[in-house]
Structure formats: C-alpha cells, structure tokens
Amino acid sequence: MDYSSKYISPVYNIKPVAIEKIQANAYNPNMVAPPEMQLLELSIWEDGYTMPCVCYYLPDKDMYELVDGFHRYMVLKTSKRIYERENGCLPVAVIDKDLSNRMASTIRHNRARGTHNIELMTNIVVELKQAGMSDAWIMKNIGMDRDELLRLKQVSGLAKLFADKEFSIPDK
C-alpha cells in the first residue's frame, strides 16, 4: 500500500450490498453464543446497523467475501424483520488484500473484540504457514507473541510448521 499518497479508509465508502452477493469466509475463528446473537439481533433492530461489515470483492464470481462481520451478516440472513427493513442489503466496506492479509484482518478484528476459537485459530496458523508466511509475519499481522504461536503450532501436530526452526528448546 502506497502511503505517500493520501490514504482514504474504506469506511468512507460504505455501500449497500445484497445479502445474496455476500458469502462467508472459511477461516473466521470467532464464535458468538446464542444469547449474544439474540442481543445482536435486538441491537440491530433497535439501533440499525451502526458498523459496516468488511468484505473483499471477488471479481471472478461477482461476489463479496466477508472479512469481518459474520454475525451481523447472519442476523440479516436469519431475521425476517431486519431483512425486510434493510431491503436485503448489508452495509459493506470493501478492502483489497490477498488471502493471507484478509485472514490477518479477520483475526485482528476478532482479537480486538476479545474472542476467538482456538481450533479455528490453529487452522489459520496452519494455512498461513502453508502459504509461506513466516513466524515473524504471523506474529506481527495477527498479534501473537512467540509463546502463543508456538502453542498453536504444537496443537496443530504438524511437524512441517517447525521446518523453519525458528523455535528451539533451550539448553539447560
């Protein structure tokens, strides 16, 4: 991204996108319990959508893939009253990043809110490593420290995640 020119955040270009043109991503480790989903539905009913979802446009499919906002998306899909009021459209901010950076964006959004699923987080680390991302890149871009990344690599059980030999057991 060229920061020498004037950068404009995606939030300044929110667009309504028909829910049928949006698909969930396969890598969101965030979970919301049923009571909180009901509260989210009520919140959207009472206050409207106050935060856009974040999507990446897939030109080959003419679809938008969610990066952040899965639960807001699910409310629109499952709540008839909100679907009707919103005319079947979700407010979307579009980002243009490759898959690894979209995954990192999803994790940053989720971690900033405080919850994520360890098993799915482990799968993301596996995918990022398989995509060639270094441990340093993962730690920087999804906000992990060395110990957390080591634990997730250990939980994954994939020896090839240690192929870079960045982690080692210290001598006594």
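Predicted model: local features only at pLDDT ≥ 70, side-chain atom pairs only at ≥ 80, totals over all residues.

Trainee: How many bridges join strand S3 to strand S4, and do the two run parallel or antiparallel?

Mentor: Happy to. Residues are numbered from 1 along each chain as its sequence is written, and side-chain values use heavy atoms, with hydrogens and water left out.

Now to your strands (helices, H or I, of at least four residues and strands, E, of at least two are DSSP runs, numbered from the N terminus). S3 and S4 (residues 63–68) run antiparallel, joined by five bridges. Two strands count as paired if DSSP finds at least two bridges between them. Look at Val-54 for one example: its bridge partner in S4 is Asp-68. S3 and S4 form a hairpin with four residues between the strands, and there Asp-62 takes a positive phi near 50°.

S3 also pairs with S5 (residues 89–95); here the strands run parallel, with four bridges joining them. Find Tyr-56 and you can trace this pairing, as its bridge partner in S5 is Ile-95.

How enclosed is S3? Five of the six residues in S3 (residues 53–58) are buried, so the strand is largely enclosed by the rest of the structure. Buried here means under 20% relative accessible area, exposed means over 50%, and partly exposed lies in between (1.4 Å probe, protein chains only).

Side chains of opposite charge can pair when their charged atoms come close. The structure holds six salt bridges, each a side-chain nitrogen of Lys or Arg within 4 Å of a carboxyl oxygen of Asp or Glu. One of them joins the side chains of Glu-41 and Arg-81, at 2.9 Å from N to O. This pair links distant parts of the chain, with Glu-41 in helix H1 (residues 34–47) and Arg-81 in helix H3 (residues 80–85), 40 residues apart. Glu-41 is buried at 18% relative accessible area, whereas Arg-81 is partly exposed at 35%.

Helix H3 also holds Glu-84 and Lys-80, four residues apart, or about one turn of the helix. Their side chains meet in a salt bridge at 3.6 Å, N to O. Glu-84 is partly exposed at 48%, and Lys-80 is exposed at 61%.
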